[in-house]
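Welcome! Here is a short briefing to read alongside the sequence and the 3D view.

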Amino acid sequence: HKRVPVHSATRWYYFGGITLFLFAIQIVTGILLLLYYRPTVAESFDSVRFIMTRVEFGWLIRSIHSWSANLLIFTAFVHMFSVVFTHAYRKPRELTWLTGIASLGVMMGFGFSGYLLPWNQISYFATKVGTDMAASMPVIGPAIARFLRGGEDVAGATLTRFFAFHVMILPLAAVALLMLHIFMIQKSGMSTPPWISPSKVRQMKFFPNFFLREMMFWYGTLAVLGALAAIFPWELGEKADPFASAPKGIRPEWYFLAQFYTLKLIPSHVGPIEGELLGLFGFGLLALAWIALPFWGTRRDGSARTRLVTGAGIFLAAYLVVFTILGYVK
């Protein structure tokens, strides 16, 4: 009996389904990779190389898994900003927003934990940089870094711990959050932008009308994913050597690049405060403000503060795009 409102912004509804579709691909390809992957320092790199060179279509499955992970985070970001610009976070959808933001955080955790699993040079030193950033946080930073690493340095315990995060802890959290997110969407219905009167909007049946259209977007996504995986197969690189010097231009994945580049621009000290610490504090405040969007982005009567929220959304989107590009170029 579900209905979908049809208006000028209906096309943005499809990105939620595309994100869910890519998550399903992650589960299927991840299970296939688990049949051969071995999460130890001695065997992880060789097991991935075995998948890519000896297992039939193993290189394609790994490439699909890696590319779909990146596309998943990209479509999740698009979905998040579409919610912001159509003001779909308004009452009674506060919990829908919160579960969506938490799901995005879990997806980024998937990316961070999965990046180390091939145990190559780039992933090893990128993980070292990432955990060093966590260690620089005041008071709790060293404890967080030790928890992530399983010790004082990135080593075998880190690989085992990241593997547990990637295949057990984060999947359970993701499934729980997505189920709650979908339930809240079912309960509250699809939001209509505030500049469109709900009484004047035509309603489309979710099944089969909207669902068939959604499937067309899935087919298109699958075509893009297959082309990327076949034409640009994901490289393995060289096996990690903790005693080697870090490769030039080491940097995290693109969805952490804007923050990474911002920290590089901040001076080592801003007055008596360490620059990196000040940057992390700023990112923390920004994240808290973004999570609390449904509470400061609406008035007492429940209407959206459209200009304020749209301006904040444009600023954040522009910052992420520009600084991510600069992080690659510089």
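The backbone oxygen of leucine 236 is reached by the side chain of asparagine 120 at 2.7 Å. This is a predicted model, in which local features need pLDDT of at least 70 and side-chain atom pairs count only at pLDDT 80 or more, while totals for chains, interfaces and linings use all residues. Residues are numbered from 1 along each chain as its sequence is written, and side-chain values use heavy atoms, with hydrogens and water left out.

**Around asparagine 120**

- Asparagine 120 sits in the loop between H4 and H5 (helices are DSSP runs of H or I, at least four residues, numbered from the N terminus).
- With a relative accessible area of 9%, asparagine 120 is buried (under 20% relative accessible area, 1.4 Å probe, protein chains only).
- Leaving aside neighbours within four places in sequence, asparagine 120 is in contact with Phe45, Leu236, Glu238, Lys239 and Ala240 (heavy atoms within 4.5 Å).

**The largest pocket**

- The largest pocket holds about 1500 Å³ of space; a pocket is an open set of points on a 1 Å grid over the protein atoms alone, where a 1.4 Å probe fits, with protein on both sides within 12 Å along at least five of seven lines, and its volume is the space filled by probe spheres set on the points.
- Its lining has 42 residues, and Met108, Phe256, Gln259, Phe283 and Ala287 lie nearest the centre (lining residues have an atom within 4 Å of a point).
- H4 gives the most to this lining, with 10 residues.

Conventions:
Helix = DSSP H or I, 4+ residues; strand = E, 2+ residues; numbered from the N terminus. Buried < 20%, exposed > 50% of the residue type's maximum accessible area, 1.4 Å probe, protein only. Polar contact = N/O pair within 3.5 Å; in protein donor to acceptor, adjacent residues only side chain to side chain.
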